[in-house]
Structure formats: C-alpha cells, structure tokens
Amino acid sequence: MGLQIEVKDLIFGYGGETVLDGISLTIGQGDFIGIIGPNGSGKSTFLKNLAAILTPAAGEIIIDGKALPRWRRRELARRLALVGQGAAAGFNFTVEEMVAMGRYPHVQRFGSFKPTDHRAVERAMHLTGCYHLRERGIFSLSGGERQRVLLARALAQETPCLLLDEPTSFLDLGYQVELLELLRSLNQRERITVVMVMHDLNLASRYCRKLFLLYGGRIHACGDPEEVLTREHILEVYRTEVLIEPHPLDGKPQVIPVSTAQAGPNQNFQQRIHIIGGGGSASPLMKELFARGFSLSAGVLSVGDSDWATARRLGLTMVEEAPFYPISPQRHRQNLELIEKAGAVVLAPVYIGPGNLPNVEAALFALQRKRPLIVIDAAGVAGRDFTGGQGAALYRRLEEGGALFLPRPDADAVIEALFSASSGQ
Amino acid sequence: MRGRRFFLLVLLLVIAAAVMLAAVGIGAVMIPLREVAGIIWNALRGSISPSPLPAETIILQVRLPRILLGFFIGASLSVAGTAFQGLLQNPLADPYTIGVSSGAALGATAAMLFFPKAASTFTIPLAAFAGALLALFTVYRLGSVGGRLPVVTVLLAGVVVSSFLSAAISLGMLLAREQMRNIFFWLAGGLGQKGWPLLLFIIPYFAAGLAVLLYLSRDLNLILLGEEDALSLGVEVEQTKRWILVAASLITAGAVSVSGMIGFVGLIVPHAMRILIGPDHRYLYPAALLGGGIFLVAADTFARTVIAPAEIPVGIITAFLGAPFFIYLLRRHREKYRF
Amino acid sequence: MKKHMLPVILLIVVVILLAGCGDGGSGAGEKEELRIVSLMPSNTEILFALGLGDAVVGVTDYCNYPPELEKAVEEGRIQRMGDSYNVNEELLVSLEPDLVLFGFASDAVERLAGLGIRAEVIYPKSLEETYASIRLIGELAGCQSEAEKLAADMEAAVAAVKEKAAAVPDAEKPRVLMLLDLDYLYVAGAGTLENELIAAAGGINVVEVQDYPQINEEAIINYNPDIILCSFPFRDRILAEKEAWKGIAAVQNEAVYDVDGDLINRPGPRLVQGLEQLYAIFYPGQ
C-alpha cells in the first residue's frame, strides 16, 4: 500500500513555452501536500504531469520505483486518483453512474459489479455527502455538488493517493472546510496521501503539512507552512505586501493581504519614516502608513508590547528592548542611528515613564538633526507624564524646536504634514 | 434504473419486430398478413415454388430485403451517429460529419464517371466503400497532432475534407453530364432495388464495427467525462478514440456505400435514445441500433406507400418525421437534456 | 479564345450563309442576316429539318442531331452554349442573334427583348403542340411553307400509324412500361409525350400516375407489363440481374427493348420514327 512518488528534474512546456522548469521533489505515503503559487506558476500543469495526463519533456516521475511511461493506465488508476476541476461533462449521467465510474480500473471489461464495488461507491457517496443526490442527473447539480461528486468518484477508486486540482474552488465556505476536514481524516485514519493544488493560502496552511510554493515553473520554497508562508516569499512570488498572522486556533500562519497596489515604495515620499511609540500608541498609524506604501522604521519598542507586535508583523526595521527593562544606552544609540538615516520622525502619544524617557530625547535629537518631527498630542502631555515633569519639559523643548503638533494620529494629516515639511526644506 | 433500461430495450425489440412485420404486409400491393406469414413460412422451410406467384416474389424478393436493409442501414447510421456524437463530444456530429460519406459519394461518382460500363448495383458500393476509407484515412492523418487525435482538429479535418470532396463531386457531375443523373440519384439515397446481395454486403461491416463499439462502450462513457478524467480513471484515451473512429467510420462506409446519403437518422435517433435511456453507451448502442432500424423501416414504409405506386425519396420522409419529433423531444426534455 | 473565334464566325456566316431556308432558296435579302440560337435539342432538330441549319449559330451541349451539326460545331460555325437551363447570356449576346429559341421559361427573354433580340420559349409536350411549334418556328424564321409541309407530313405519318393501331381491339393491345431509370425506377406516366406515343402506337401504358414518377419495384411486378421499353440501354441488366422481375411477362418473353430515347421524348420531327419503332415493337411483323 505504501506509495512513493519521486519527481526528478521535471521539465514541461506547451509548444515551446516552458511551464515547468526543473522540479524535483519526493512524496511519501501519508503526506498531505499543498501546491501553491500564483496563476501561471505551473501548479495544475505539475499535477497533470503527476497524473500522467501530460507527458514531461524531460525528467522523470517515478511511482513506486517504476517510471510513469512504464505504468499501464489501468494499474496507475488504482494507485492515483485525480479530482480535476471538472468544468464540463457533456452528458447527463446520474450521480451514482458518475461515482460508479470510479470503479472502472477495478472491474473487468465485461465483468459486473461485485459487492465490494457497490460498497465502495456507496461509501464514497456517503463520505462526500452526495448519497441523497444519487438519482439526480449531474446537469441538475450546482457547481459545489458536482465537485463533491468528482471527489466521490475519486474515493470510489480506492487509491492510496488523491491528487486534487483546486478542490475547493466552487465550494462555499462551509463545504470548503467540510471537504478539507474529510481529506484530513482520510489522511490521518487511512494514511491516504493527499496532493492538492490550492489557491487559498490560508486553507492550504491550515490543512497541508507540507507546502510547495511554485513560481515560474520552479519550486520557490518548500517545507512546513511556517517556512513557506513568510512575508518575503509572498512578496517575491505574488508581488503583494501581506501580514502573516498566526491562526487563533492552531497557530498556523495566515496570510492577510495589505495592499495590492503597493509592491514598491510610496512614490510621493520615498524616504523612511521613523516612528517612536510604545504601548499601542503608534500601531494604528504604523499600519496605515505601511498600507500606503511608506517605508517605516520604529524604536525603541519593548518586546511583547503591542506596538512591537505590530512592527514585527509589518516586518519593520526596529530597535527592540527586553520587556520591562528601561531603554539601555546601547538601544538608544541604535535608535538615534535610525533617526539619523530617516527622512522624518513621528512621535506617538506614548505614556512617558523613566524607562522610556530616552525615546522623547530621541525625538529632540531628530529636531537637532533637522529632521521634520511630527508629534501626536491630543490632550496634552501632562496626563501621560509619569516622570515628575521631565517628560513635559522635553515636550516644551520639542515645541520650541519647531516640531509639528497634530491632535490626532490621522494618517492623512501626518502625510500632509510630511509633504509640507519636506517641500519646505 | 437498470430495470427500467432493460425494460426499454425489450420494448424497443418488440416494436422493431412489430414494425417490420407490419411493413412486410404494407405496400403498393396489399397482401393479407396471413398470406405474408404463409409465404415467409414456406420460404423458411426452403420450399420455393418454381414459378412463384407475384405476391411471393414481392414479399421475398422486394419487400423483405428492402425492409431488412432499411433496418440495418438505419441501425448503422444511428449507431455510428451515437459513437461520433460521443467521441467528438458534439451534439451536431453525425455519420456524415467527418467526411466519410463524402468520400463514399466521391468513390461512387468516380466509378460512374470513369467506368460507366462496369458501374452496377454492386461495383458502385465497392467504389463508395473505397472512397469512404480514403476519406477516413485523410481525416485521420489531417486530424492527428503529434500522435493524438484532438476532437477539434478531427472535426475541422472532417469539415475540410467534406467540403473538398463535395466540390470534387460537383466538378465531376459538371464534367460528365451523361452521368450527372445517376450521380444525383445515388447521392439522394434510397433503399429500393438493392436486394439480398447488398444486404449481405453491409452486414459484416456493421457486425464488426458494432462489436468494437460495444467492446469500448464503457471506455467511451468515461471519455464523455472529459479526456483528462478518462485518463486518470485508467482509459487509454487515444487508442480508444482511434478504434471508435475507425469502427464508426466502417459502419458508416458500409451503410452509405449501399444506400447513399439518408439524412437525419444518424443525428436524431441517438439524441432520442439518449433522452430515453440515458447516456451510458452500454445501453445506448443497443437502443440506437433498434431505434435507428425502427425509424428507417417506418420512414421507408411511409415513403413507398403514401403515394403508391409512386415513391417519395426516403430522405424526405426522414427529415419530415425526424425534425418535428426531434423538436418535440428537445422541448419536453429541455432541462434534463443539455449538451 | 471565344473572342478570337467571333470575327471568324462572323466572316464565315456572312460569306457562306445561304439565303433563307437553305435548299428552299427563296433568296430574299432580309433572310441573309438571320442568326438563330436554339437552346433545346428538339428545336435544333426542327430548325435543321426546315433547312435553317446554316442560320443556326448557337446550340446546347445536348443537341446531337442532325449529323451535320457536329461538323458545323467543329468548324466553328456553330457555338455550343451549355445546357438548356444555364445559359451564358454574355455569350448569347455576343453571337448577335436575331432569334433565340428557349426550351424553358427564362427571365432572359425580357432582357433580350430590351436589346432588340426576339426570343421565344418553345417546349411542346404533345404531338399537337409539336406540330404547332414547327409552324411557329416557320413563321418566326420566315419559311412558313416549309414548316407547313413538315408539320403536315408528320401529321399524316402519325395518323397512318394511329389508324393501324386503332384497328386492334383494346384487349389485344400490349401493356407497356416505359422505364427511364433502372436504379431508381423512374418511369413515364400519364400526360407525358411517351405516354401519347405508346397509345398512338397501339399500346397501353401501365402507369397511370401523372408525369414521371419514381415507382415501387413491387408495383412493377404487380403491373406485370407485356413489354418493357428502356430509354437507356437497361435491357441486359434487367434480364441478367433482376431476380425479382423474373416473373414479369415482359421478362419471361424477353420483350424488353432498348429504344433511342431521343426519338421518343424529343418533341421534334423524328417523333415519327420513334412512333414507327414502337409500333414495330408492339406489332412485330406487320
């Protein structure tokens, strides 16, 4: 029963255009593999090569130690079942007839169905929840129902390996999860190998134990979801800025797109903006400026602090200090270095204590170095100064030094202020 | 479902027997059923009177071979149409789509043009058959791309070859006016005047072709799901398509070379049977065989009796009966029957 | 090619054209110019029989009589125009005819009239109409007397055969089937010229359906005709191949005859020959 698929230097092209450009990988019994990648990356083509529907131009696919061309189709169909996208079926077979066709590789040409065949068909229909549809013609089914019938047919094939080409594409949310749970339980209880092409990165991340990220016909990254679904990989392959957040239930990385338009820096203000925050005071502004394509850095933030978490998610350059420790001179210096190289600085309405007083001093440093400084201060500094007046004194010096005070952390106002400051220079 | 399909097949068989029996009795000359039965019984026992009565000659030499030929031609066209519609996944495909019939017509035309002396009821079908095979070969070569037979290229090749051959036939008719009439009549098609020898001529092709189609009926079912699905279910798709194409073409060639072009049977009967019995070719082929036979025998009986003793070309009757029936079926089963 | 031929034809016609009705030779000046196109074999035969052969400048591909026609075509004096249905009007006009005799109604008649060319549709469907057509052509071509003589001769010859045939009691008349096609069984029915000739020659046409129907094989067996006439050479095939026809009287007596269809279905002067042939077949030795 153990199934081993080995792909070596697989190359495939449609009429001179190379689609797969040297893919090598190994799939073992019980694997649950997701193949992801942008449109045109060759995911489906790869799957069709695996299923022997397309023939590689070069390279080898070896299944159970035997190269694909040497397999008889009928035998291969007892090892691999493919669930295609099943867009067109020309004739109105009933659901039961459709599913029963999954037994084709098992039944002799003029042989009749044995009890085992009937059981396999019924079980497949029950598992996929289409038993109640069995008398219906497939023309009368919805897209989702049809996709479940295709899965049922593949299950009726009773193969140790299922290949699925975007099995959830026509399904609504409920059925997507149901189908993936079914695949997971088949994988866990019966050690059925699952290889599926997925469009939905988050579902792929949650259900697949291993991901292959295809890009330009090559494997761009592979490994467990945490290794593959990183901000950098997604940016490289999908050219989209995303946030990676752990799923609240199982901690699997979830991909949250930020902006589709911004693959590069904001065109109007290309210098980096340094943000001084803490305690969540800077988070909304960081997210918004980030979304608009500004290049950002942050400091000094305590590890575990909510502003720190935001900066990390956004992948910002920042200076970190250990939690519950005052800002050390070394971190302070690093902060000043970032400020020196920044085009502008924003001071968020932080609560000021002895530990983070250097952050306000850093803002003063920005003024001294003629960096435009925007200070967000709504209700006055007095309410958030826990240093016995030292903080408030520094704020006064900031005001005298020409810092621009804004009442709210409003991104539009900040951007406008930045433009006027930078054009004023 | 199984029981229903079995019942329908038996029902079709009964109807086929009844229609053929009735057809033997009906004609320009009415012969009572009792006398018909007596004549057939005597013939089966092998006692043929040395100087037969006209009724005996009419039954044994004219009607029986014509009815049986009608049945086999109808069955051939309908079975071939079923296969082509499935294979090419095209509801408008029929035995004439892929140029086999035009090849047959050109073969017949060439025989009449170049060997008018030798052209006879027997040599013309042979020439037609050769033409059909030549057309099939051409379409096959034109339609195959890198060892495969993509549906689209086969269809296109069929259309192109058909048009080219039709033009060649027209040219032939223009160049040889003396034969134009013969060619024209041959193209119009008909079942009269063929007799037993031509019936025996087509049966081997029909039987061989049908055997291949039945053997591959389950594989064709899977190909209907889409070629990729069929491949993944273990069907050797290209081989299967090749065999089906050749078998259906052989059947068509046999039928067309004997009867000329009789339209509508190969287009409509498969659709009607698919509505009746479903798309599973294991049942669809037998149904199409019986349905096509019944349809053509009925149409031909109509053609030879309605203005007796004169005749109407049977192609006119198949079109007249076929088109409205088809529309009726389509309207009744619109939602169920979508291509 | 045709353009080059045209001056030659004109020259030949002008120089050689006999005056008026050929050997009738009335010598009237107006007739020297006469140029006639005939688009029906029967009309061509009538023209030649009237001695107007030299006035004919165009005929159909099917015009095959009289023999001198072929010579005139070879020498380029007469142009072949295609069939009776599809007339190339450019070619027609380029021949500069004075008179065009169509075999079928054509909208070209009016267009030609617009060009000052006289055009008539002449397609007789019976003996009477044939006589009338001959007289009409005589009138159009200005040789009434020749036409009158030809028609009267035909009438007399036909009447002679009819008289002999009328003497035979109906019960003794042969029952006749006239076959036009063996593979599709097209036959001559009631109301056709063939039917009229069969009756005139003392036979009874077994087919009562109008015109030229396609007929059941079993109907033929049931008619059981005494004589089968074939307008194309089908005799040998009928006797050799047609198992089902073995019981028919005509086949048993080998009374199956190939006749020259041109003599029977072409409404021209030669109908008399056809009629006499039929009579000879029906009543051999008389």
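**Exercise 1.** In this predicted model, work out what share of chain C is buried.

*Solution.* Start with the cut-off: a residue is buried if 20 or more other C-beta atoms lie within 10 Å of its own. Go through the 286 residues of chain C with that in hand, and buried residues come to 44%. For context, chain C holds 13 helices and 9 strands. Now take its contacts between residues at least 6 apart in sequence: 57% of them join residues at least 24 apart.

**Exercise 2.** Find the strand order of the open sheet of 4 strands in chain C, and say which strands stand at the edges and why one side of each lacks a neighbour.

*Solution.* Read the order off first: 7-6-8-9, with parallel pairing. Next, look at the ends. Strand 7 (204–205) and strand 9 (256–258) of chain C each have a single partner strand, so one side of each has no neighbour in the sheet. Then zoom in on one pair: strand 8 (residues 227–230) of chain C runs parallel to strand 9 of chain C, and 3 bridges join them. As a spot check, C:Cys230 sits opposite C:Asp258 in strand 9 of chain C.

**Exercise 3.** Sort out which chains touch, and describe the side of chain B that touches chain A.

*Solution.* There are 2 pairs of chains in contact, and chains B and C share the most contacts. Rule out A with C: chain A and chain C don't touch, with their nearest C-alpha atoms 41 Å apart. Turning to A and B, 22 residues of chain B contact 25 residues of chain A. On the chain B side, the elements giving two or more residues are helix 9 (217–224) and helix 10 (227–232) of chain B.

Note on methods
Residues are numbered from 1 along each chain as its sequence is written. Chains are lettered from A and ligands numbered from 1 in the order in which they are written. This is a predicted model: local features need pLDDT of at least 70, side-chain atom pairs count only at pLDDT 80 or more; totals for chains, interfaces and linings use all residues. Two residues are in contact if their C-beta atoms, placed from the backbone, lie within 7 Å. A residue is buried if 20 or more other C-beta atoms lie within 10 Å of its own, exposed if 12 or fewer, and partly exposed in between; C-beta atoms are placed from the backbone. Two strands pair if DSSP finds at least two bridges between them.
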